[in-house]
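Hi everyone, thanks for making time for this one. Let me put the structure up, and then I'll walk you through its salt bridges, its sheet and its core.

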Amino acid sequence: MATYGQRTPKLKGRITVPHATAHAACLAATEIGAKLIVCLTRSGRTASLVSRKRPDVPIVALTPQSWTYSRLALEWGVTPLRVPEVEHAGQLAAMANKALREGGLIRPGESYVLVAGDTVAPGATNTIRILPAS
């Protein structure tokens, strides 16, 4: 993965909850020295919002959709990974941890910032979690 030297730009204009969540995730990742920003996304919108912020930290997008996976390969700084579908939001963190470990993207003890919606419905980006890899 590339090294990212640009700083996260300030928010301007009309601010939505998804935009503010993406911005906060980038700032948190930089401040705590997280290894990755991990976006759980069906449509690709979450990863796209984070990518637009040009964070100092690499972005990994986890998606169950093949068409989203292909599109995310074109986004700035995003490494897409296909993951299985989950039935409820409570399964997201465990699935993300497993996918990151199996992909060799994170080791136990390293932290990452997880960005997602609190539901599995598209367009609901409103959650940030800072997690240690296990």
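Let's begin with Arg107, which is exposed, with a relative accessible area of 57%. For that word, exposed means over 50% relative accessible area, buried under 20%, and partly exposed in between, using a 1.4 Å probe and protein chains only. Before going on, please keep in mind that this is a predicted model: local features need pLDDT of at least 70 and side-chain atom pairs count only at pLDDT 80 or more, while totals for chains, interfaces and linings use all residues. Residues are numbered from 1 along each chain as its sequence is written, and side-chain values use heavy atoms, with hydrogens and water left out.

So which residue does Arg107 form a salt bridge with? The partner is Glu110, with the closest N and O atoms 3.4 Å apart. By salt bridge I mean a side-chain nitrogen of Lys or Arg within 4 Å of a carboxyl oxygen of Asp or Glu. Glu110 also forms one with Lys35, at 3.9 Å between the closest N and O atoms. Here Glu110 sits in the loop between α4 and β4 and Lys35 in the loop between α1 (17-32) and β1, so this pair ties together parts that are 75 residues apart in sequence. Helices (H or I, at least four residues) and strands (E, at least two) are DSSP runs, numbered from the N terminus. Is Glu110 buried or exposed? At 17% relative accessibility, Glu110 counts as buried, whereas Lys35, at 36%, is partly exposed.

Now to the sheet. Its 5 strands form an open sheet in the order β3-β2-β1-β4-β5, with mixed pairing; two strands pair if DSSP finds at least two bridges between them. β3 (78-82) and β5 stand at the edges, each with a single partner strand, so one side of each has no neighbour in the sheet. β1 and β2 pair in the parallel sense over 4 bridges, and the bridge partner of Leu40 in β2 is Leu62.

Those two leucines turn up again in the largest nonpolar core, which has 20 residues; Leu40 and Leu62 are among those with the most contacts inside it. Such a core is a set of buried Ala, Val, Leu, Ile, Met, Phe, Trp, Tyr and Cys residues joined through side-chain atoms within 4.5 Å. Helix α4 gives the most to this core, with 6 residues. Apart from it lies another core, of 17 residues, including Ile37 and Leu49.
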